[in-house]
Every structure is written in structure tokens, then in C-alpha cells.
Amino acid sequence: MRAGKLDSELLQKIVFKNIKFHRDEVLVRASIGEDCAVVDFEKYVLIMSTDPITGAASEVGRLAVHINCNDIASNGVEPLGLMITILAPLGTTENDIEDIMKQVGEEAAKLNVEVIGGHTEITDAVNKIVISATAIGRQLKNKLIKTSEAKIKDRIIMTKTVGLEGTGIIAYDLEEKLSSTFSREIIQKAKSMVNDISVVKEGIIGGQVGVNCMHDITEGGILGAVWEVCEASNVGCIVFKDRIPIAKETADICKFLNINPFKLISSGSMLMTVSPQKEKELIEKLSCSGIKATVIGEITEEGRYFIEDGVKTEIDPPESDELYKVIKGS
């Protein structure tokens, strides 16, 4: 099997089909495209999400906090708690663990999130540090936003630029290789993209405005996220390449490494679908909070299409992220 998360076909074939029992309290359960599980607690719902960090060697504590809290934010709510599991190989030092926990503590504090538990272990079962985190949040039941609620004629909006997380990871982990072609200034700009990987602020704004669905853009990049939203919502879409914002550093580094920036892990960007009536309000509120938002397409009845130089192609289900083509041993 290839590196990266399982594709949708394998998930259905070997994972989801073996989940045999469902409880009535579970309102949103494991399915393609959904970022979180949601459990009913009468007036409120408990929102939970879990993700590991496996594709990076640097800044893993910081990444673990944000990718999990981003999932909670995709439901339009502020995350409140985080549980962290660290599995570290033999030879790991006390300083290594402390550095990770400093990152976790600092980033969680910035988001007003408490680290409420977890597990730390040195084990020969791994050959590099693996962090898995679970984030939780609480939302009023009638305010819940799901990935599966995109509506026909919704505008498809993304925040910031594509490939933020992937560009940052590559700049940290492949700095020596990049330095043969790129200036120190460009590499530092690329590294700094990991400072922008939180989407908690835009998730809360999306919840306030009343978007129909949100999905943070992780493995598989913007095209993978669009496909997952359409699959979860049973709709189609049309997305225009020339409308998708991309930083010059991301474009240049991806070209140098021969990878597709539109299929590169993009934590830090939120994908939203919103009715035409609320489009202007959403973009203005995001802009007032310093968040760039761009309309990149529209939800349609059927067909999932990417328009590039006037040519229409099908958007395929996400496969292994482009990051795994260049970060070896992930």
C-alpha cells in the first residue's frame, strides 16, 4: 500500500464496512468527507476529531495542535480541549519530548485550548516520532455545520492560499535540497507558512454567518477537499484553476520538485460553501479579520469538474498526497 491516508474506495471496503454497530446518540459518524464525529447531548453536541502527524519531521507539536483544532472549527465552533499521544523511538531525548510539548503548549494557549490528557511513550514500534491528537468542542445542536450540507448553487470559497502546510513542511524538511536553487529569504518565507495553518478564526466566522458546509483542506489538497465535500453532499461542482490563490513560493517550490500544488496538503485553508445571498457578507467578515477569501467555483447538480485553460477535466477522488512524493520515510 502507498504512503498516506487510505483512499475513499479502500476506506469503504476495509474500514467502514467493518463498523457494525451504531448508537442513536451519534449524529455524525465515520464517512467520506466528514471531519468530525458528533454526539448528541440534548441542547448541545460534542464534536470530536483525531489526526496524526506522520508526514513531517519538524514542527510536529505545532502541526498536531492546529490540524486537529481545524477540524473542530470546520463545524463552526471554537475547540476547547486537546488530548495528545506521543510515540517516540528508542534514542529520543528528554529535550526532544520537551521541545514538542513546548510547541503544543504554546500553540494550544494561542487558541484558548486546554491540553486535557494523553499518553507519552518510548517504543521500538516506531522509527521516528509520531504524534496523534484528539480535539473536542461543544456546539449548540441547532448551529451544527456538516460537510454533507453543501447546496446546489452554493459558491465555493477558500481562505488564504493552497499548499500552506505542505510548503512549510517541505521548507523545513528539505531545506538543504531547496537551498541549491532558492534564496534563504524564499525558504524562510516558505517556512513561515506554518504560522498560518490555523483555520479556527475563519471557522467561527463561517458559523456566525451561516455557511452551509465547511471542510479544512488537508491531505489531497484543494482538489481532494472539493471532491470530498461533493461526495459527502451528493452534489457536483465546477472549480476554476485561475481563481485558486497560490503563493509564489508554493508555486515555485512545487514546480522545482515536480509536484501538483492543487493536490498538496493545505492545512491553513478552509473550504466553505455558502448561498449566493450570504457570499458578500462572508467575504467581508473574513476580510475584516485579515483573512483573504476567494470564490473558486460553484456547487452544481452533477459532475465534478476542474477548468484549466478552458479545458474541463474530472476531479478524481484524492489519492496519496503530493507531499509523500518528496518527503521520504513518511
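Q: Which residue lies over the face of Y44, and at what distance from the ring centre?
A: A charge sits over a ring if NZ of Lys or CZ of Arg is within 6 Å of the ring centre and within 35 degrees of the ring normal. Here R138 lies over the face of Y44, at 4.1 Å from the ring centre, and R243 is placed over the face of F240, also at 4.1 Å from the ring centre. This is a predicted model, in which local features need pLDDT of at least 70 and side-chain atom pairs count only at pLDDT 80 or more, while totals for chains, interfaces and linings use all residues. Residues are numbered from 1 along each chain as its sequence is written, and side-chain values use heavy atoms, with hydrogens and water left out.

Q: How many aromatic pairs are there?
A: Rings of Phe, Tyr and Trp (its six-membered ring) pair if their centres lie within 6.5 Å; planes under 30 degrees apart count as stacked, over 60 as edge-to-face and the rest as tilted. By this rule there are two aromatic pairs. In one of them, the ring centres of F182 and F256 are 5.5 Å apart and the planes stand at 85 degrees, so the pair is edge-to-face.

Q: Is F182 buried or exposed?
A: Buried means under 20% relative accessible area, exposed over 50%, and partly exposed in between (1.4 Å probe, protein chains only). F182 has a relative accessible area of 12%, so this residue is buried, whereas F256, at 32% relative accessibility, counts as partly exposed.
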